[in-house]
Amino acid sequence: MVCQKTEEDNSQINLVIHNDPAALPASDWDMIVPASRPFLRRNYLDVLSHGYPGAFRYLLAYRDAKPVAAFYFQRVQLNGEDLRPYSGEELEKNYTWPLAETLVRFVRDRLHLLRWPILTSGSPLAADEPGFVFAPDLTSDDRSALLGAAVREAAGSFRGIRGFLISGHGPSLSGFHRVPAEPDMVLTLLPGWKSFNDYLDALHSKYRVRARRILRAAEALRRVELDVEAIRQDHAIWTQLYRNVVEQAGFNLETLHNDYFARMKDAFGPAFRFIAWYAPVTDGIAPENKGQESWKPVAFHTALHRNDVMHAHFIGLDYPANAQYKLYQAMLYEYLSMSLESGCRLLHLGRTAPEIKSAVGAVAVPNGYLFRHERPLIQKLIGPALNEARIPDWTLRQPFREETTPVPDHLPTSTEASSEKSTESASESNSESNSESN
């Protein structure tokens with residue numbers, strides 16, 4: 001237990017750490033974590049913990065026996081070579097500090113040597129979620145002090161932590177370097193969009209034609225929503241399609257465990273949707289037997305619906321089929337259609353492929369991280385290199401005839417607990433309680 005004094009009234013805040021989500025005091029965690037933060041709820045934490053035993057720490061902060069903040073952290077391995085796409089090697093830059101260029105090149109040339117166990121706030125597998133939440137009445141100084149104390153407490157419970165990667169969607173931390181990341185892409189769904197055709201009508205002609213061309217390319221495919229038994233039955237197929245995508249990504253701190261999707265369906269029920277895409281196999285089928293072809297799984301996409309937000313989640317792709325059927329773009333429109341059918345006001349599309357997502361209408365919400373190495377000398381040496389880090393350039397598209405996509409006033413990455421009473425259903429509460437014993 002760690003004690004922390006609050007700025008305003010000098011009252012004491014206690015931090016309590018847990019190694020297992022099943023050990024969390026359910027009423028305390030649920031009191032501070034709103035239902036609108038599904039990737040910070042206990043049932044999601046339970047899904048994650050099954051794949052990475054011992055890799056997580058969970059902390060609750062109490063003032064006067066009442067929870068005022070919650071945190072979770074994951075221990076992961078940072079491989080320096082994964083950072084090369086963000087190192088800015090291709091840039092020609094004039095350095096104002098004479099030694100800066102030397103230090104930047106020194107770090108870049110040795111990225112392949114970096115193998116650091118680091119502590120992340122939240123989990124890299126839930127990039128939408130910063131990994132912490134605060135009561136609304138905590139001051140900004142109290143939040144910074146509490147987050148810093150939680151980071152130290154969690155790191156001290158592991159062996160050999162060398163660095164810290166903390167979400168930038170929260171309070172500032174002294175001594176940390178700010179690192180850019182790809183933006184969160186979000187699409188506000190207007191009240192007047194009662195159907196997908198209403199959305200299409202709001203587009204410039206060029207983007208409307210583009211959308212219809214993509215949808216025509218995917219017309220030959222079958223889309224089937226799977227239950228938990230079907231997910232488990234073909235889990236090897238879904239795992240391989242997911243790994244295809246992982247291998248194409250420039251940077252991954254962690255990958256999903258094999259039972260992740262089935263456990264998500266168990267934990268969230270109808271709110272978690274797993275859509276499989278099947279392509280016809282026509283090789284060897286005579287023309288007179290058309291319609292009797294078999295079907296091959298070539299993709300899937302998943303989503304989590306909470307309150308009035310649809311969270312696009314993980315996908316899997318067969319890349320030759322993706323090229324033939326324009327699968328990825330079709331998935332984005334499918335996410336949009338699902339959101340409209342579910343009455344959502346916000347579609348959260350995540351951080352990858354921002355230009356393609358902006359062509360659908362998503363806007364970019366700035367994103368970043370705070371990083372610190374535990375050794376002062378290394379922290380000082382990597383500072384110039386981190387200052388030169390950059391995300392790949394991309395072009396923001398403007399698909400709408402009018403300005404119809406304002407940045408929403410509330411994002412899934414907000415780190416403040418709702419002051420309103422949770423509106424979660426009794427079935428969700430029961431689901432979270434049941435997940436503890438799975």
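**Exercise 1. Over which residues does pLDDT stay under 50, and how many contacts beyond four places in sequence does the model have for them?**

Step 1. This is a predicted model, where local features need pLDDT of at least 70 and side-chain atom pairs count only at pLDDT 80 or more, while totals for chains, interfaces and linings use all residues. Residues are numbered from 1 along each chain as its sequence is written, and side-chain values use heavy atoms, without hydrogens and water.

Step 2. Take pLDDT, the predictor's confidence in each residue, from 0 to 100. It stays under 50 over residues 419–438.

Step 3. Count contacts (heavy atoms within 4.5 Å). The model has 26 of them beyond four places in sequence for residues 419–438.

Step 4. Where pLDDT is low, predicted coordinates should not be read in detail.

**Exercise 2. Find which residues of helix 6 are buried, and where they lie around the axis.**

Step 1. Locate helix 6 at residues 205–217. Helices are DSSP runs of H or I, at least four residues, numbered from the N terminus.

Step 2. Apply the cut-offs: buried is under 20% relative accessible area, exposed over 50%, partly exposed in between (1.4 Å probe, protein chains only). Tyr207, Arg208, Arg210, Ala211 and Ile214 are buried.

Step 3. These residues lie on the same side of helix 6, because they cover an arc of only 160° around the axis. The arc uses directions from the helix axis to the C-beta atoms.

Step 4. Turn to the other side: Lys206 and Arg216 are exposed there.

Step 5. Name the partners. The buried residues pack against helix 5 (196–201), helix 10 (319–325), helix 11 (327–341) and helix 12 (354–360).

Notes. Helix = DSSP H or I, 4+ residues; strand = E, 2+ residues; numbered from the N terminus. Expected span 1.5 Å × (residues − 1).
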